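Have a look at the protein chains shown here.

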Amino acid sequence: MIRFLIRRVVFGVFVLWLVSLGTFLLFFVVPGDPARSIAGRQATPETIALIRERLGLDEPLAVQYWTFLKNLFRGDLGYSYYNNQPVTALIAERIGPTASLVIGGALLWLVIGVGVGILSATHARSLLDRVTAGFVVAGISMPTFVVGLMLLFVFNYLLSTVLGITFFPGGQYTPLEEDPADWLRHMILPWITLCTVQAAIYTRLTRGSLLEVLGEDYIRTARAKGDGNRRVVVVHGLRAALTPVVTQLGVDVGYMLGGVVVTESVFGLGGVGQAALQAIVNLDRPVVMGVVLLAAFFVVLASIVVDIAYSFLDPRVRLS
Amino acid sequence: MSVTDLAAEPMPAGLEPESIEGRSPWRLAWSRLVRDRVAIASLIVILLMVAAALAAPLFAALTGHSPTDQYRETGLTDQGIPVGPGAEFWLGTDSLGRDLFVRTVYGARISLLVGVVATLLATFAGVVIGLVAGYFGGIVDTILARAIDVVLSFPYLIFAMALVSVIGPSLVMTTLVIAFFSWASIARIVRGQTLAIKEKEYIEAARSLGASPMRIMFVDVLPNLVAPVIVLATLLVPTAIVFEATLSWLGLGVDVRIPSWGAMLAESQSFFRVAWWYLIFPAGALLLTTLAFNLLGDGVRDALDPRSERLFATRRKGKP
């Protein structure tokens, strides 16, 4: 177990290093000079040179990368090219809406996806199963941003003009510690937006996986020894059926960041995702590097957690 | 998915009486698909969408409106608000007084073109990489399998955004970026199937006859994989369309001057409270297209893999 963990952590650090190198190089192989865009259109060559020097852009690529790595180990991700804000401070400032969105959204899609998936599998071919299948295809077909726009349309235009009440405000973010009720009101539409596609995918996955497991011999054994249906499904079936769901969850951590950028942009939550989008458009390399590394860190962490979770879910899996 | 075994098994020619027509697995699959009403309806929707996209200039001539011209006199009210659907503008106008119908029809060209071309590229790359990884094994497989995992689990939307923003948005760029982040799911399935197939006796026989790895991969292994690859590719098209729409919506897709559904929805976001048609029609076209492709993909899978249904039925019977 310990050896397994050490190996995974070493590999994880290697992946993070690769990601940092890749992102770093991406900004150099392409045309576009951050110093020029910061200086503005009418800047003199001297001004541009000065900015380049101040940002350390005049140094050789390898030296720049080495400086970046050294600072990284001290917990310093550099400063934004645009407003000189430390990247760590910028991320810390904006992590609130993003964390609320991701944690709430993920909980919601797991509960809906796994819950409906179980119902669908245990009632295979029933009306419920068919209706669910319809919703699943519709859900999978919906681009995240369209879900968000449609929710805004319904709740912030149709219902609010007809009834004159706005149930859920269509934007901004209230910190949880300030006003929990208002926080909830602001987060409900973003949560639904983030989780619609995922809930559909997880429903399909859980249903398929559970149906397959329920056909296994050991399930018949469990039934033969007199276990009730609920016990068979929950204790014997679900444990094995959840393995692919957990795998998918590990993969989706990376996906989630894309969904977060989109959802935050639709609702103007002002989180890390929106900062990333802004930084990407501005070629603000330190901020992009910071956000990508943060995301990659969670992806790596998730893959390790998933591997450990396997050994709990499936007694046949031994970590080695 | 065990589509392959079935499709691969040769029909027992000569065993059937003369009067019974021997039907190839493909003919059988086709006849199953034709009986699937949902799949046929989806196919018709897709064909209509393709026809509309091809006939876009015709619609422009018919309405007398080009997709890019701004009709500020007739297309905007005195307050500068878009005009609703009517005889002059069939689906209303957008915030600049452009014809929404003509733009939506032109938008179909971008979505379908990017969706189909990116899928073809991704399918080709995925098949080749999956075959090579699965067939050669060893270090080649280790590297390629890792690459597949990385592409599958990384925050691809962020990387795609970064790539597009530094290299500059264009139709070709968008298509290549989408293809680059889409091949991995196909490669994973192809690799897995190749690993299983290469252990079969007839591959051994081919090798002992002196067939080259190239020949074995593409002549002996690949035909077994055609069915799952067709299913995956059909389901990849809507994913690519959503990907393109999302990039365009974020302002990082195809050139903003070309009408695309994603860009239209981005523009509509600040206007849908005064002009519902501005949001509803492009969103509807996008959803209809992705839904049709997803439903067709499901239909194709059911048609090519009749075994899953039959297994399903026996399990149902075995259930107490």
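Chain B exposes about 15,000 Å², and carbon and sulfur atoms supply 66% of it. Accessible areas come from the Shrake-Rupley method with a 1.4 Å probe, and for residues only the protein chains shown count as cover. The model is predicted, so local features need pLDDT of at least 70 and side-chain atom pairs count only at pLDDT 80 or more, while totals for chains, interfaces and linings use all residues. Residues are numbered from 1 along each chain as its sequence is written, chains are lettered from A and ligands numbered from 1 in the order in which they are written, and side-chain values use heavy atoms, with hydrogens and water left out.

Chain B has 14 helices and 0 strands. Here helices (H or I, at least four residues) and strands (E, at least two) are DSSP runs, numbered from the N terminus. Of the 320 residues of chain B, 48% count as buried. Buried means under 20% relative accessible area, exposed over 50%, and partly exposed in between (1.4 Å probe, protein chains only).

T104(B) sits in helix α5 (residues 100-136) of chain B. Is T104(B) buried or exposed? T104(B) is buried, because its relative accessible area is 8%. T104(B) touches W261(B), M264(B), F281(B) and A285(B), not counting residues up to four places away in sequence. Contact means heavy atoms within 4.5 Å.

**Cores**

A nonpolar core is a set of buried Ala, Val, Leu, Ile, Met, Phe, Trp, Tyr and Cys residues joined through side-chain atoms within 4.5 Å.

| Core | Residues | Named residues |
|---|---|---|
| Largest | 155 residues | F145(A), M161(B) and L265(B), with the most contacts inside it |
| Second, separate | 5 residues | including A35(A), I48(A), I51(A) and L57(A) |

F145(A) touches residues of both chains, among them V262(A), V266(A), W249(B) and L265(B).

**Empty space**

Rolling a probe the size of a water molecule over the atoms shows where empty space is left. A cavity is a set of points on a 1 Å grid over the protein atoms alone where a 1.4 Å probe fits but cannot get out; lining residues have an atom within 4 Å of a point. The structure holds 1 cavity of 30 Å³ or more. T23(A), L26(A), V288(A), V292(A), I158(B), F159(B) and A162(B) line the largest cavity. Helix α7(B) supplies the largest share of this lining, 3 residues.

How values were computed: On a 1 Å grid over the protein atoms alone, a cavity is a set of points where a 1.4 Å probe fits but cannot get out, and a pocket is an open set with protein on both sides within 12 Å along at least five of seven lines; lining residues have an atom within 4 Å of a point. Grid points are joined across faces, edges and corners, and a volume is the space filled by probe spheres set on the points.
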